Amino acid sequence: MILDEELLGSLTDAQRRAVTHIDGPMLVIAGPGSGKTRVITHRVAYLIRRGVKPYHILAITFTNKAAQEMRNRLTNLHIPPGATICTFHSLAARLLREFSDKAGVGPDFSIYDDADQKAAMRAVLKSCELDTQSNPPGRMLEKISNFKNNLVTPDNLAGEEPEFITKILAGIYRRYQEYLAENNALDFDDLLMKLAFLLRDDAQLRDRLNNRYQYVLVDEYQDTNHCQYQIARGLALNHSNLFVTGDPDQSIYGWRGADIHNILAFEKDYPETGVVRLEQNFRSTPEVLEAADQVIRVNIKRKVKDLLSTRTSGAPCELLHYSSEYSEADGMVRWIKQLLEAGLNYRDMAVFYRVNSMSRVLEEALRLGHIPYQIVRGLEFYHRREIKDMLAYLRILVNPADQVSLVRIINRPTRGIGTTTLNRLLDHSQNTHVTIWQVLSDLEQVGSLGVSARAKVKKFVDLINKLHTYLEKPVAEIMRKTYELSGLEAIHKAECHEEAQANVKELISGAQRYDQETEHPTLSDHLQQISLISDADAYDMEAGSVSLMTLHAAKGLEFPGVLIVGVEDGLIPHTRSLMERQDVEEERRLLFVGMTRAKDRLALSYAGSRSFQGSTSVQILSQFVRGIPGLDHKRGYYDDLDYDSDGTESMDDDYPDETYDFAVGQLVRHPQLGPGRIMEIIPLRKGPKAIVQFQSGLRRTLALKYANLEPYDPYDY
DNA sequence: GGACTCTTGGTTTTT
DNA sequence: CCAAGAGTCC
């Protein structure tokens, strides 16, 4: 224990209490910039120094990137390796692979991404003779995803609701699951669901895993969904050494099934819980925190928490106003140059936006301004055609049952196998209940096939068989051979498609890195890892460039200078969250997360007009920011359109500085009408009126002055 | 069987 | 406005 001081010396009392907590459940409510990552890392280090074997520790992070970083930090602390540090999804993939017999899948299962899922769903709808017009695959999948996130199986569903629509959906869900099983494939949600079921139903396996992972740590617990909740619970059932950290104010994945109640109710779920609050913020200036607090404080569903900056006063936060997204983009370039002059490096700056589509205009401006930048979108690479083609070939090598991948490349490059031939093969497979690969291997059985078609298919089968012989080689080598022998390389060369060649090269060097870093590299394992890569994983801290990313991807990062663009109604909060999900609070949290990434300089910008899907619409400043004090409201410089013809400013007339006691989206109680939610606030000269949607279904417009509304909180803490 | 054009639809966030 | 899917023509 002599070593402890060296490890703990730099920590605050609260951090130290969290790090040194030994047995039993522990909840760390950690505000932004409170050193949460540090606490988790140090805790892992502390446990190991106390004699806990590294392989008894499981730390679950939100992204692969975060896992990688934690591993690096531990190495820097001279902690011996061996702890399992990964995301929920990679953990699930790993365990399902290890216990594939119990999970009812082949160990080399494919992991289907969005596009694969859609292809699978199309095939299912086709086999059910349903058209994709009235049954959009995307919507079906969204519903199915929700079911899976809540551990609802087709069987549960069939019994539950007798409604016609649900019945059809249950049938499709069932067929979809069967189809995936036939393909030896799992989608993202399956990974979690299968593991959760395994932990629930197989006590022997659960005990074994409880024994293996005696200390379980979960980061970003506020963004866990029901599946993940059950997995965490199952893993810690016997020892209760469950250590979770999170911040309810930073829960931004509700739309994906994340349930903020998991963290809010942790103390109830685990009565023995020790709780530590980390409220000091070491990251941001008081100015940044004050602005961020103004945004978040309006939320109802939260535990009130002060953000206490440990830093001295800095620059005021700016609010920049432009006429259009183009002048906003120019403004961004000027903002970057200003910060550069003030002594920051490009890598110290980041620009966040609500939707990916906003990056285009920004990119153009950056290129024009000769500013180095990186767009943090790791998935983009894997969505490219040439990469998907390569991966489809590789998947078939390890998982011949994978029809989705097979269909993708059986005629790519074109080898004369058209839709007719393909359909004959698929039909035969389905009618005789023989896997597609067996059908291909025994073409004589398919009577409907002509001689020439048969020869062409045979050639394809020979190709795959040939590639099979390389399967024991290093992964990079298999890829090289695949690229060459499949003919993909030839068509890329013939088409002078240099970008495609470069991308495949990049894919191969990724494999090379994997080969070197991994103890027992296999193609199958590498493919599964690739499937679980996320956008955020692409962020390169070392690069000397300005980072551009969505607000979601910004989670967990920090930058000396942050600019958030498009702070407008309709974007933050997004129109769709206002319409459908009634979850305006999550949008508020999203902006809060973005703002609290800033260490020293924070700027928000908005444009008076923005073109969107071809048409231009008038935009106004986000309701989240309207009227909050402490923001230095400026027009974008050089932005002629922002000035009236006489040169005077008129902005204050457009956006009254009024502050309301109530906000859109807020839950309120009316003395007579009961609980409801504020849908809209209309500023009038006589005072603001609110449109309130009551729980009873009634919708009324009330003058706030007279309505006697009071804040309503359905959740008691 | 394959390449090309036309149409339609879609508003976000992602493991 | 732009991409994916459907339809059309060779």
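User: How are H20 and H27 oriented to each other?
Analyst: Bearing in mind that this is a predicted model, the axes of helix H20 (residues 385-398) and helix H27 (residues 498-517) cross at roughly 45° and come within 9 Å. The two helices are therefore oblique to each other, and H20 passes H27 in a right-handed crossing.

User: Which residues meet there?
Analyst: From H20 there are Glu-386, Ile-387, Met-390 and Leu-391, and these meet Glu-499, Ala-500, Asn-503, Val-504 and Leu-507 in H27. Sorted by class, the residues of this contact of H20 with H27 are 6 nonpolar, 1 polar and 2 charged.

User: And what about H20 and H28, at what angle do they pack?
Analyst: H20 and helix H28 (residues 523-531) pack at an angle of about 135°, and their axes are 10 Å apart. H20 and H28 are therefore oblique to each other, and their crossing is left-handed.

User: Which residues of H20 does that involve, and which of H28?
Analyst: On the H20 side they are Leu-391, Leu-394, Arg-395, Leu-397 and Val-398, which meet Leu-523, Ser-524, Leu-527, Ile-530 and Ser-531 in H28. By class, this contact of H20 with H28 has 7 nonpolar, 2 polar and 1 charged residues.

User: Switching to strands now, in what order do they line up in the open sheet?
Analyst: The open sheet has 6 strands, in the order E3-E2-E6-E7-E1-E8, and the pairing is parallel. Strand E3 (84-87) and E8 stand at the edges with a single partner strand each, so one side of each has no neighbour in the sheet. From one strand to the next, the twist averages 15°.

User: How many bridges join E1 to E8, and how many join E1 to E7?
Analyst: There are 5 bridges joining E1 to strand E8 (residues 274-278), with Leu-27 standing opposite Val-275 in E8. Another 4 bridges join E1 to strand E7 (residues 242-246), where Met-26 stands opposite Phe-243.

User: Is E1 mostly covered or mostly uncovered?
Analyst: Strand E1 (residues 26-30) is mostly covered, since 5 of its 5 residues are buried. Met-26, Val-28 and Ala-30 point one way from the strand while Leu-27 and Ile-29 point the other way, and all are buried.

User: What joins E2 to E6?
Analyst: Strand E2 (residues 57-61) and strand E6 (residues 215-218) run parallel and are joined by 4 bridges, and the bridge partner of Leu-58 in E6 is Val-216.

User: Which strands does H3 touch?
Analyst: H3 packs on the sheet and touches E1, E2, E6, E7 and E8, with its direction making about 160° with that of E7. As for helix H5 (residues 88-98), it lies across E2, E3 and E6 and runs at about 110° to E3.

User: Back to helix pairs, at what angle do H3 and H4 pack?
Analyst: Helix H3 (residues 36-49) and helix H4 (residues 64-76) pack at an angle of about 55°, with their axes 10 Å apart. That makes H3 oblique to H4, and H3 passes H4 in a right-handed crossing. The contact is formed by Thr-37, Ile-40, Thr-41, Val-44 and Ala-45 of H3 together with Met-70, Arg-73 and Leu-74 of H4, and by class this contact has 5 nonpolar, 2 polar and 1 charged residues.

Note on methods. Residues numbered from 1 in each chain as written. Chains lettered and ligands numbered in written order. Predicted model: local features only at pLDDT ≥ 70, side-chain atom pairs only at ≥ 80, totals over all residues. Heavy atoms only, no water. Axes fitted to C-alpha atoms, helices over the stretch in contact; angles between N-to-C directions. Parallel < 35°, antiparallel > 145°, perpendicular 65-115°, else oblique. Left-handed = near helix turned anticlockwise from the far one by under 90°. Contact = heavy atoms within 4.5 Å. Nonpolar A, V, L, I, M, F, W, Y, C, P; charged D, E, K, R; others polar. Buried < 20%, exposed > 50% of the residue type's maximum accessible area, 1.4 Å probe, protein only. Pairing = 2+ DSSP bridges.
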